[in-house]
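User: I would like to learn how to read the features of a structure like this one. Could you take me through them step by step?

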Amino acid sequence: MTDAEPTVPTATEPTDQVPSPLALPTIALLGAGSMGRAILSGLLAPTVEVDGPIRVTNRSAAKAAELAGTPGVTAFATDDDAEANRRAVAGAHVVLVAVKPSMVVDLLDEIADALEPDAVVVSVAAGVTVATFEEHLPSGVSVVRSMPNTPAVVGRAVTGVSAGTRSSDDDLALVRRLFETVGTVVEVPESQLDALSTISGSGPAYVFLLIEALTEAAVQKGFTDAQAAELVNGTFAGAAELLVASGKTPTELRIQVTSPKGTTERAVAVLQEAGLPELFVRATDAALARARELAAG
Ligand SMILES: NC(=O)C1=CN([C@@H]2O[C@H](COP(=O)(O)OP(=O)(O)OC[C@H]3O[C@@H](n4cnc5c(N)ncnc54)[C@H](O)[C@@H]3O)[C@@H](O)[C@H]2O)C=CC1
Ligand SMILES: O=C(O)[C@@H]1CCC=N1
């Protein structure tokens, strides 16, 4: 049998089991922007059973009205209701904080005395430390910091999670299960979370930038926008799938494309001479410096 042939299930492998729904406690999601909504999509999957509707807050009434039409969601707008966040967190066991980093402290001060005494507060905010969260929240409240990414929308997020000083193993396991609804989870110490953010948190943007650049090159070579998108998007999606399915390293797969003395060799040489690998080191260093600025407030 070759690697490419599908494996046939043996008699002992389950083939017809319906997965039991994942049960999660009551959840409030504060901030329904790009990231908040991406996580919400995972929590609303049919395989997930959240205790009660998910309480979702954001600023605008128009977005809240749109969210309110989603089954399984109760939406609140802070522009309409100054108590929206406090009402959303009252009775919630898990509180996801998904507002911009610069808004976190004000939000924590706003909700602190409305939280359940044993709530688990989960941050997705870049840069903002566990210490800042813990300083602004009651002592019984557990904090877990996380860094997801937007492929959560398609169930393919990679999320880093770090325990706070007050979070138990059960709290961390709960947050893991929550983020597993939108992809895979990597546990790291908080000291590594900003670095992780520069790789996987921001990573989708780097990939989209490469796609934009290659698309521009295709258009410059005379392809229509539609043709360029088909060529480039298909190439990125196919290459990513090949990487996952083959189990080979990116280096092995690149070498397979790069025929000795062929065309790819010339192109790759141009990219390497221009310092592409070093550029990624510089880019992620810049992102890390920005995370530290955000931590400083
Ligand atoms: N966009 C991304 O790829 C990622 C973002 N993050 C983090 O997620 C957080 C949100 O980022 P985005 O979703 O990109 O921003 P965004 O601007 O799209 O969303 C922020 C949301 O917060 C809402 N909001 C603002 N003030 C509020 C308040 N007082 N109460 C309730 N809601 C309020 C806004 O209405 C908006 O819907 C940030 O802390 C960011 O660091 C983390 C990982 C990836
Ligand atoms: O750009 C940002 O600050 C957030 C964190 C990682 C991705 N987006």
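**Reading the model, feature by feature**

Analyst: Let's start in a loop: Lys-261 sits between α10 (250-257) and α11 (263-273). Helices here are DSSP runs of H or I with at least four residues, strands are runs of E with at least two, and both are numbered from the N terminus. Please keep in mind that this is a predicted model, in which local features need pLDDT of at least 70, side-chain atom pairs count only at pLDDT 80 or more, and totals for chains, interfaces and linings use all residues. Residues are numbered from 1 along each chain as its sequence is written, while chains are lettered from A and ligands numbered from 1 in the order in which they are written.

User: Is Lys-261 buried or exposed, and why?

Analyst: The general idea is a neighbour count: a residue is buried if 20 or more other C-beta atoms lie within 10 Å of its own, exposed if 12 or fewer, and partly exposed in between, with C-beta atoms placed from the backbone. Lys-261 counts as exposed because it has 7 C-beta neighbours inside 10 Å. Its backbone deserves a look too: phi of Lys-261 is near 60 degrees, a positive value in a residue other than glycine. A glycine with positive phi can be found at Gly-222, where the angle is about 100 degrees, just after α8.

User: How many residues does α8 have, and what span does it reach?

Analyst: The expected span of a helix is 1.5 Å times one less than its number of residues. Helix α8 (residues 203-220) has 18 residues and reaches 26 Å from first to last C-alpha, close to the expected 26 Å. A handy rule for viewing helices: an α-helix has 3.6 residues a turn, so residues three or four places apart point the same way.

User: Which helix holds Ala-287, and what does this residue touch?

Analyst: Ala-287 belongs to helix α12 (residues 276-296). This alanine counts as buried because 20 C-beta neighbours lie inside 10 Å. For touching, two residues are in contact if their C-beta atoms, placed from the backbone, lie within 7 Å. Leaving out residues up to four places away in sequence, Ala-287 touches Ser-197, Thr-198 and Ser-202.

User: Which residues surround ligand 2?

Analyst: A residue is near a molecule if its C-beta atom, placed from the backbone, lies within 6 Å of it. Around ligand 2 you will find Ala-126, Ser-197, Gly-201 and Ser-202.

User: Where does the UniProt record place a binding site?

Analyst: Its unreviewed entry puts a "binding site" at Asn-85; UniProt positions follow the numbering used here, feature names are shortened, and annotations may be inferred rather than shown by experiment. Asn-85 lies in helix α3 (residues 84-89) and is buried, since 24 other C-beta atoms are within 10 Å. Not counting residues up to four places away in sequence, Asn-85 touches Leu-30, Thr-57, Thr-78, Leu-107, Glu-110 and Ile-111. The same record annotates residues 26-127 as "domain: Pyrroline-5-carboxylate reductase catalytic N-terminal" (unreviewed entry). That span is 31% helix and 25% strand, and its end C-alpha atoms lie 26 Å apart.

User: Which domains does the domain assignment give?

Analyst: Domain bounds come from an automatic or database domain assignment, which here gives domain 1 (22-188) and domain 2 (203-296). Their contact takes eight residues from domain 1 and six residues from domain 2. On the domain 1 side, four of these are nonpolar, four polar and none charged. The C-alpha centres of the two domains lie 33 Å apart.

User: How many helices and strands does the protein have?

Analyst: There are 12 helices and 10 strands. Buried residues make up 30% of the 297 residues.

Technical notes:
Nonpolar A, V, L, I, M, F, W, Y, C, P; charged D, E, K, R; others polar.
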